[in-house]
Amino acid sequence: MKTFFLGKLTSDAIPHVWYTIGGTIFIIIMAIAIVAYLTITKRWSWIWNEWLTSTDPKKIGTMYMIFSSVMFFRGMLDAGMVWLQQSIAADSQGYLTADHFQQIFTSHGDIMVFFVTMGFFFGLMNWIVPLQIGARDLAFPFLNSLGLWLTVSGGILINFFFIIGGDFANTGWLAIAPFSELEFNPSVGVDYLIWSLQLSGLGSLLAGINFLVTIIKKRAPGMTLMRMPLFTWNSLCAMVLIISAFPVLTATTLLLWLDRTFGMHFFTTDYAGNQMMYWNLIWMWGHPEVYILVIPAFGMFSEIVSTFSQKSTSGYISMVWAAIAITTLSYLVWLHHFFVMGAGPTVNSFFGIVTMLIAIPAGVQVFNWVLTMYRGKIHLASPMYWFIGFLIIFMIGGMAGVFMASPPADFQVHNSLFLVAHFHTMIVGVALFGIFAGITFWFPKIFGFKLSERLDKRAFWFWFVGFFVAFTPLYLLGFMGAPRRIDHYDSSTGWQPLYITSMIGYLLILSGIATQVYLIIDSIRNRKLYRDTTGDPWNGRTLEWATHSPPPFYNFAIVPPITCHEPFWDIKERKLQPEKHYKDIECFKNTGMGIYISIFAFIAGFAIVWHVIWLIIVGLIGIIACIIALSFDDEMEYILPAEEIAKIEKSYGQGELWKKQVM
Amino acid sequence: MNKKYLITGLLVVIIGIIGIAIVLANENALVVHPKGIIAKSILELIATNILLMLIIIVPTYIFLFSVVWKYCIKKEGIKYDPNHSYGKTGELLMWGLPSIIVVVMAIITWNFTHKLNPYKPLESNIKPLIVQVVALNWKWLFIYPEQGIATLNDLHIPEQTPIHFKLTADNSPMNSFWIPQLSGQIYSMTGMTTQLHLMADGPGEYTGRAVEINGEGYAGMTFPAKSISHKDFDEWINQVKKSPHHLTENDYKELAKPFINRSVIYFSEVEQDLFQKIIQKYMYPTTPVL
């Protein structure tokens with residue numbers, strides 16, 4: 001009976017060490033502060049109606065970004081704790097126990113990959129992809145909302161161990177078996193990891209399907225596939241990767257959970273469990289996953305360099321094929337993550353050579369990016385700073401990648417800090433720089449005012465210099481034989497000075513983040529100064545600039561004509577004027593169902609972690625009931641009449657839309 | 001003004017490169033100071049690959065910086081050509097040049113991967129020494145089956161002799177065995193044997209360690225790998241044989257329990273076929289061998 005009601009919950013689950021107590025108090029204070037703020041300013045109905053239940057992709061995108069920013073602070077805090085420990089733990093245990101240290105880098109990895117990088121990309125895609133293809137909404141607006149809230153519930157679950165449990169996985173971000181099996185990890189930490197990935201993975205999968213269908217089906221008339229902007233193309237590639245790879249993650253972690261919960265033996269050391277299978281499966285998902293993190297950034301940089309060079313992207317067709325080639329090849333390289341497992345030389349060489357092949361399309365992209373600037377009229381705005389910084393870093397990261405693609409070379413750097421430096425080069429220098437560039441670039445479109453150029457450039461320099469100071473020492477430490485994930489070491493290894501240098505780099509990056517926080521606050525305060533009334537602040541080329549800033553919820557009153565892959569540039573060249581003939585538009589209503597389902601999913605996830613059977617039943621029944629209730633809702637859309645659109649368009653008070661821009 | 005920035009930037013880069021060179025020149029940079037034939041070949045491969053990549057990376061950097069300098073910073077006397085395109089030849093070059101480098105690297109990769117296959121015995125006139133390695137939580141057990149001895153957390157090998165490691169793990173998740181100055185890594189896994197061949201050039205003491213996360217004692221799972229002359233090695237064997245410790249089945253069971261142990265123990269006698277029994281333990285779960 002006790003197990004039915006409480007499962008594995010005991011009084012030990014209540015916070016009783018400094019970091020869980022601290023985390024719990026912090027979470028409670030934040031929650032109280034938000035509730036108090038909303039109550040005092042009487043904004044409950046506003047936040048519910050305008051934001052939480054919204055199905056407008058621009059608002060969902062903004063919510064993704066707010067959520068990812070919050071998680072980013074958590075991830076950076078983890079990073080700081082890891083760095084601090086490693087800087088001081090020469091010949092001593094430092095200030096963390098081994099187990100606690102391992103939990104911190106595990107949560108750092110999971111949070112940064114699933115909730116920060118992917119969250120930001122989904123946010124940017126929500127902002128921009130529908131606008132770029134001339135669509136008024138995504139294909140499945142409700143799924144979009146559900147995807148967001150499932151991701152958020154996964155994010156809450158990954159932090160929930162602070163409040164109940166006090167233990168997170170200490171296995172590394174992939175929950176590598178057999179280390180994540182009950183034999184070595186009896187606590188609930190791994191279950192928290194599994195179920196937060198299940199929830200957010202489901203959210204990502206739904207978002208992936210949604211964007212794929214949107215890009216395939218909802219393009220405006222005239223926009224053929226080869227007229228799609230490169231950001232949309234790269235997003236499409238990333239979505240194909242998500243759809244084909246994420247079910248593998250779901251299945252693999254589910255098998256691990258079966259092992260842990262029902263005593264099965266998929267990946268255990270004994271009873272014919274196959275630990276090597278886990279590595280194959282998780283990396284079959286994991287390698288496409290790391291490309292999911294960088295491919296959208298490639299697309300954003302293509303847009304940015306072409307816009308600020310006032311020049312068409314060099315080699316558009318090559319760029320499209322390069323993206324497709326990278327997408328395809330990314331399925332065929334997973335084994336390079338464990339060359340040292342003892343697969344034969346022929347197998348190893350195959351995966352090594354395929355990995356090297358990726359350098360070809362990547363090289364084509366680099367040449368084209370540089371060539372786009374060549375003979376351009378460059379406006380050196382802050383997104384260009386991020387872009388040039390990215391190019392410099394990307395080539396180093398790419399070189400390190402090809403370096404490790406050679407199996408014998410990998411035998412010497414596998415699991416060393418060299419590897420850590422390599423993938424941070426890619427995720428910081430490519431994905432994060434892309435995100436920052438993209439946010440600066442598209443911020444005026446979504447909010448109607450620019451970000452402060454001066455502060456953004458300052459933030460860039462902190463990040464750029466900080467990056468080199470933080471990660472060059474890690475490359476060197478790899479050559480010095482320093483493995484990743486160690487909580488202490490002997491001072492005779494000579495590693496400590498480099499760890500400390502690296503820590504200084506972290507502090508520089510932290511200053512960059514502080515600048516960015518100030519940048520947002522400053523830009524919001526001075527928004528009148530930075531206001532963009534034209535809808536086209538950068539002299540853009542693609543369709544997102546062909547509507548107001550911020551765009552009305554229906555995006556385009558009239559879908560512009562599309563004749564090439566840079567339709568808005570074409571409109572400006574030919575000095576076209578929009579028709580004034582509005583038509584009725586079908587719009588999607590707000591719905592709270594996404595939130596309700598996600599709350600029940602969270603309850604179910606939490607209950608499964610703790611084996612609380614009645615709560616699992618509550619969660620599952622709740623989800624099913626919500627879906628049934630949703631299926632009876634016949635009126636999810638409504639018609640926005642043409643007169644209403646005319647009124648809204650007039651309220652923007654900018655006269656004819658493209659006239660200003662064409663001048 | 002711009003010139004000042006340029007010079008500062010260049011200075012920073014030069015200082016950085018000098019710093020990197022100093023770090024790598026130090027003996028602590030284990031991977032670039034190999035002491036065995038395998039690690040030396042790997043370093044050669046690494047150097048070849050880096051040079052090949054630089055053939056394409058350096059011109060790209062020069063091109064990038066000159067474009068940034070001319071079109072972003074100086075902006076004097078530039079030609080604006082919004083429809084500039086490099087045509088078919090340019091496209092061909094763009095895909096072709098990296099492809100050539102990659103083809104060269106692919107051939108090298110194929111050859112070296114086969115040449116440096118860790119399972120491949122080394123060519124030598126001297127008979128290889130077999131060492132069985134068991135990764136335990138959190139200590140390394142080395143069994144010398146031909147000598148009938150075993151050591152904990154201490155590896156002695158004769159110089160200029162091929163060493164044939166056979167590795168497995170017990171009561172431990174996946175581990176990776178690494179002596180950077182002698183050779184690359186190989187995983188050790190329960191119920192399986194992996195193999196590694198290496199040879200030390202001369203006498204010396206090298207660091208070995210575990211490189212795959214396996215829990216609490218992970219960071220401390222290191223061992224010294226001492227390469228000594230044949231004479232010293234024989235003497236060392238005799239010394240170990242005088243040790244009062246024996247490794248019987250029951251002793252081993254105690255040893256295999258997870259605990260942190262960084263001390264060195266010598267075992268003068270080892271249970272017959274202990275290594276095979278450890279592997280077989282995971283083969284027949286119903287009738288435990290151990």
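Colleague: How many Å apart do the C-alpha centres of domain 1 and domain 2 of chain B lie?

Modeller: Keep in mind that this is a predicted model. Chain B splits into domain 1, covering 2–21 + 30–76 + 90–115, and domain 2, covering 129–280. Between their C-alpha centres, the separation is 39 Å.

Colleague: OK, on to the two chains. Which helix of chain A gives the most to the side that touches chain B?

Modeller: Here 69 residues of chain A meet 72 residues of chain B. Several helices of chain A supply at least two residues each, among them helix 5 (98–132), helix 13 (382–405) and helix 16 (453–479). By class, that side of chain A has 38 nonpolar, 24 polar and seven charged residues. The top contributor, with nine residues, is helix 12 of chain A.

Colleague: And helix 19 and helix 20 of chain A: are they roughly parallel or roughly antiparallel?

Modeller: Their axes are 7 Å apart, and the packing angle is about 160 degrees. Angles over 145 degrees count as roughly antiparallel, so helix 19 of chain A is, relative to helix 20 of chain A, roughly antiparallel.

Colleague: Is the crossing of helix 19 and helix 20 of chain A left-handed or right-handed?

Modeller: Residues in this contact include A:F600 and A:A604 from helix 19 of chain A, and A:G619 and A:I623 from helix 20 of chain A. The contact residues comprise 16 nonpolar, two polar and no charged. As for the crossing of these two helices, it is left-handed.

Technical notes. Residues are numbered from 1 along each chain as its sequence is written. Chains are lettered from A and ligands numbered from 1 in the order in which they are written. This is a predicted model: local features need pLDDT of at least 70, side-chain atom pairs count only at pLDDT 80 or more; totals for chains, interfaces and linings use all residues. Domain bounds come from an automatic or database domain assignment. Two residues are in contact if their C-beta atoms, placed from the backbone, lie within 7 Å. Helices (H or I, at least four residues) and strands (E, at least two) are DSSP runs, numbered from the N terminus. Ala, Val, Leu, Ile, Met, Phe, Trp, Tyr, Cys and Pro count as nonpolar, Asp, Glu, Lys and Arg as charged, and the others, Gly among them, as polar. Axes are lines fitted to C-alpha atoms, for helices over the stretch in contact, and angles run from 0 to 180 degrees between N-to-C directions. Angles under 35 degrees count as roughly parallel, over 145 as roughly antiparallel, 65 to 115 as roughly perpendicular and the rest as oblique. A crossing is left-handed if the near helix is turned anticlockwise from the far one by less than a right angle, and right-handed if clockwise.
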